[in-house]
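Please examine the model shown below alongside the text.

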Amino acid sequence: MSESTVTRPGITRRSFLKATGAVAGVAAVAGGTSSLVAFADGETSASNAEETICYGVCRSNCMQSCRYAAHVVDGKLVKLTPAEYAEDLYRGSCLRGMSYMHRIYSPHRIKYPMRRVEGTERGAGEWERISWDDAIAEIAEKFTSISQEYGPKSIVFDFGTGNYGEIQGQTGIFNRLGGVIGASKPAGMNDLATGYGIDRVIGTGLMYFANEAKSVLDSSHIVVWGSNPVHSTPQNWRWMQRAKEQGTKIIVVDPVKSATAHKADVYIPIKATTDGYLALAMANYILENDLQDDEFIAARSTAPLLVRRDTGMLLHKSDYAEVAEGEENPAYVWDNATGAIALYGEATDPALEGTFEVDGVTVDTSYTLLKQQLADYSISEAQRITGVPEETILELVDVFTKGDAVSVNISFGMDHYMNGYQSCWAIAILMALTGNLGRDGAGFTGIFLNTALALNMKALWAAPGFVGMTTAFPMTMLHEVAETQQFNGEDYPIKAMVSIISNAVSNWPSQNNFLEKILPALDFYLAMDMEMNDTVRYADMVLPVASFYEHEDFRKAHNLPYIVHQSKAIDPLYEAKDDVEICGLIGRAMGFEEAFPESNTFETYANLLLSSEACEKFNITLERLREEGYIDLSVLPGKPGIVGRTKFTTESGLAQLYTEKPAPRVNYGQDVKERFAKEHLVYYQPSAEVCEESEAAQTFPIVFIQEHSRWRTHSQWFNSPILKELDPEPIYKMSPEDAQERGIESGDIVEVFNDRGHMVVKCVIDPSLPQGMSRMPKGWQREQFIEGGYQELTYPTHDEWAVAFNFYDTRVDVKKR
Amino acid sequence: MTDMTSAAAAAPINVSQNTEQQGKKASASWKSTGLTVGIIVCGILTIAGIALWAMQLSGSMIQTGMRNLDSWGLYITFFMFFVGLSAGGLIISSVPKAFGIKGFGGISKVAIMSSIACTIAAIGFVVVDLGQPTRIWELFVFSNIGSPLMWDIIVLGTYLILSCFYLWAQMAHERGRVSDKALRVLSVIALLCAVMVHSVTAWIFGLQQGREMWHTALLGPWFVSSALVCGTALVICVVEALRKVGYLSLDQAYIVKLAKLLGAFVCVDLYFFACDLLTEGFPGAHGADVVSMLVSGQLAPFFWIEVVGCAVCAVICFTPKLRTNPLIVIASLLAIVGILCKRIQLLVGGFQLPNLDYVGALSPQTITNWEAGWTDAYAGMVYWPTPLEFGVMLGVVALAGLVFLLGIKFLALQPGDKIQAESEK
Amino acid sequence: MNYGFVIDQERCIGCHTCAVACKIENNLPDVVWWNRILTDGGAEMDIPAGEFPNTTIEYVPVNCQHCENPACTKVCPVGATYKDEETGIVHQDADKCIGCRMCMSACPYTGVRSFNWDEPTHVLDMNIGGVDAPEHQKHTVEKCTMCSHRVAKGEEPACVEACPARARFWGDLDDPNSEVSQIIKKRSFKQLLADEGTKPSVYYVG
């Protein structure tokens, strides 16, 4: 969409505009570009430069989807200003989004394809410029020969989160290339434990657990649990602040006094990673004291569903009758009215609790099993484990039981520990028992994803000649497979890798594993990026890629009820190309002409992706996106999107107190049976390293977390010249007590270390940290440290069921340099 | 300062033999090798200073130690200091005439010459501090009469012209071309102007409500008293030097008289300081920070040098036994150094205590020692000059020396016959 | 008319977006910031004061306060800084400024005025921001213009438009019906260094 305008839209917001008698003249020209000359008050022309405005959406991994007006003068993007959404409070921006052109025009931008100078070490920083033709020929030659010699799986496609455009981004066009090659795609592991844990209760998969941000206006209480929206999702915080101004109480549960905690009504410090215990003890106390929401439990949970003691499965219709494939297979409940079992929905008085004999099989209601499971979790023990005083816990109990509508802002703080999914599962159970789910103002918030509009991924990914990518193991295991060239006892050569919108070297845990085990195994490592990040530095070849504003795309926005268009504001600088073009070049050079005919353009792929039933229903077309900029996808107009408003996305449509068929998030050949029986009912598990009882805790007294700050989104913006003026260097923050014990003062250079690695960095003493906690804003690259880097400190293992990265489950010690 | 004393110190070696004759010869052009050397040295330093100033302009002022949070430095310190030095001389020479009392022997013209030289230096320091000296004409075209800086420019300019005229008038008077009465009237005007110069310079600082250290009504009189201290001290030093090299001879009684006067001025100045400290410190509010900064904080060395130096100066001046020539010179130098320390305290002190006690991002333009971080930037002195600033400063001081020495060389500044005859009685 | 800002510190999250917006809109040279986000707390930016868990922190965005009784305009010897009676905006004319820095010493809000100690450089090899953004000159003082080039077009200052927390308000303080007047009528406010008597046109609420 291109349009010319004289003043920004959103005039309604401020009355002063009337007073100054501004301007009009919006001449929207669909698909075309027209110019504008700024003028005001009838006095013409503040300048001679012609400015065109087109619109786009920021697509970084803060997952907030701010829409921007891109102001272009003489073919150059000179300014980004927040652009409107129908719902004004969704209009957002931040210092990163606004300063994106400092990345586009950065003197550090990668300008042309480059190859590591032959004979130099990876990471030595010696590059030679090559032509696109040579680059593509070499890539095709390497991929083809490696594929022929070792099989296509020996080529690893690593997808990152640097672009959430539907075509050019994470789930976009490179999946089509990987699919025709048949490459390996290690299972992603970022931020997936939260959703995995909550899914146990409300069936929302990995990412669909959150209500729309504006839903908090209906909350009586917002419990910000282990997240820091003030820094990491300020566009969501804006809604929470509004709610607070309307009287909503905000309570923060966090091991550190975060920026959000400083803004909250109540801050509850907790020992890191013990949140699950706290939630379960509260749940038990609530049940023991009959404070639960009986109505919700009876109507909207699986409380009455009967569980067979012999198998651990629910008692289903299929246990007694033939149920055809695809036919519904409801579970049985105990009908007190008849003293017998009845299919769910058919009983007049279903028993919520009790143990019964049914045809010689002992069955318990799900609720009874949960109650028994929770019985061990006491408030007094919770005080010991979590460090939260009993009276504070009871106050929090009051919030959940007496609050009209409690929402929990959760995101990915707890996620980043070995026990992340258990913590989130426990909180989901607490929410279910107190009826704080599936209604206005109640439920989880975090990153809202619109479920109503399914795009046709298959059409985009499955090109002619599609064989599909192989996801045999998760990212954390790549270093083992690469080192041994074996997986599960069988040969699994790993010979080439390409990082796609990904800075894997920086953002995968245990950096030394990447450098010492994965890289040496590779014959060819291809990076594609705008800037010289860690990944590019260690690659064999780098291709310059187009920025957000140098290509067209659209984003089914995270966090907002819209699908948003990105128009191409400027031509790619230097020799940069967008992913559609790069994919086509590589694809054709490898002989996949059918999948990537030269005639295929962005439009071709966009139309494929938008060719779904849902798109038809919402009338989403590329033309409309181009014309209107964004399209509202709200299901109930004017009402915030609420997860499970009518029913939950579980098999039964109910909130599950008992998980019938728990499954690991990724199956990679691990022993699933061992824990299966344990995974039906929520439980607390201490974290691997951070918990006080761990082995690491005996050697390394300080917990280290990678704080998400306002300065960077993961590692993006790591080298923004404008932001580095404000935040020039890596800073390690430690508590006054820990610093004092080690004779460290603010400004000292310290070495932070554990048995996996180290970093040498400037230290600042931060009283928002309790003794034993430390943190550092993440995103800095290795060359920005005095020595080492923070990602050396993290461990590469994962929980076998959640299969997620555990960045924060890290302990260190510190000494003064 | 440094150059004048060094020039004067260099002189005796060359001219000691024929001191007596030359001293008695009141000629328009006074010749000595030492003087020539002094002029050449000052000339070279002046040129070097101008070259450094050109570097500062063509390069940039980032080469100085000044930054946004401490936006004035050595130049303005020396501006204050030289305004003080300048007025002393004029007051010493004009007071006796204005009030028709007995003066200080034949030093009147030399004193005025020192005033002229110091005034030129003071103006020079303002000029080298400007970011856009080529826009200086704007001062006359777009004058904002409300600005204390504008007042100062007017008063300083007037003062310079008046000093020159006054010097001419005295010389003319000696030749009988100007009447006693006219000279007396002129003396009164000169005296008023000298007092004004000081008060106005004080107001540049004293009228700024934004700086705890500066914002005091006492600053005006205090600047006058400080000027009297260092001005008198400077005259003593100059006269002693010129006596030594035989440029002029002066009865010791006059020197003693000057020393007593210096002692009195020093006491008044210290008294003002005490008043100010008490007023600042007594309420225990923000002013207490000023007191502790001076007495035991970052500026303590300058504070104690001033206080002890001035106290020692007063003791020397008031103790007859100690009033030997070398000790009087030492006392004078202590007074001059003391007042310079006062100027440093005043200037740096104005920036040392931030008004907004909040911290933010630091950039190379924020504060002198920005790389050290907020706490450390203020831990020591918030400002310290760079070598370039010292160089430019030396150049401006050398210019003053040059002007003075040229005056000595080419103008008849020795005591006129009348005065000399009087002094011989 | 007397344009002014109201800054809601309750809403402000210290994110620096307004500072960045200002820097871009006005094509500010490297290391120059007209709008600085200061931390009212501990000894370093973003570090709170106090002891865990009773720590406190607040953000104070500070730009030129466009005082009703400005200290700077009085002392400028050439009238390069002056108050526009029409709008209440305190202007700084870089073409006229002689670089004496009287205004910087006079202004109690140290740091809102910025002297180009160095030749202005721009890390990007192009002009960014408003097409009519001001020029920047070596050895002259500059500061927040209240985006007068935008105000002249009927737009609000860039910092206000950009604020994701909706913590910045701008309007005519003389108009009792303006949003800014309404806010300071209803809520308790403070002004920076109010006892200096400068009558700043920036009100902090919350």
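In what order do the five strands of the open sheet in chain A lie? The order is 11-10-9-17-18, and the pairing is parallel. Strands here are DSSP E runs of at least two residues, numbered from the N terminus, and two strands pair if DSSP finds at least two bridges between them. Strand 11 (266-269) and strand 18 (443-445) of chain A are the edge strands, each pairing on one side only. From one strand to the next, the twist averages 25°, with axes fitted as lines to C-alpha atoms and angles running from 0 to 180 degrees between N-to-C directions. Strand 10 (residues 249-254) of chain A is joined to strand 11 of chain A by four bridges, and the two run parallel. A:Val253 has A:Ile268 in strand 11 of chain A as its bridge partner.

The model is predicted: local features need pLDDT of at least 70 and side-chain atom pairs pLDDT 80 or more, while totals for chains, interfaces and linings use all residues. Residues are numbered from 1 along each chain as its sequence is written, and chains are lettered from A and ligands numbered from 1 in the order in which they are written.

Chain C has six helices (DSSP H or I runs of at least four residues) and ten strands. Its C-alpha radius of gyration is 17 Å, close to the 17 Å of the globule rule for 206 residues, so chain C is as compact as a globular protein of that length. The rule is 2.2 Å times the number of residues to the power 0.38.

| Property of chain C | Value |
|---|---|
| C-alpha box along the principal axes | roughly 50 × 40 × 30 Å |
| Buried residues (20 or more other C-beta atoms within 10 Å of their own) | 64% of 206 residues |

Note on methods. Buried ≥ 20, exposed ≤ 12 C-beta atoms within 10 Å, placed from the backbone.
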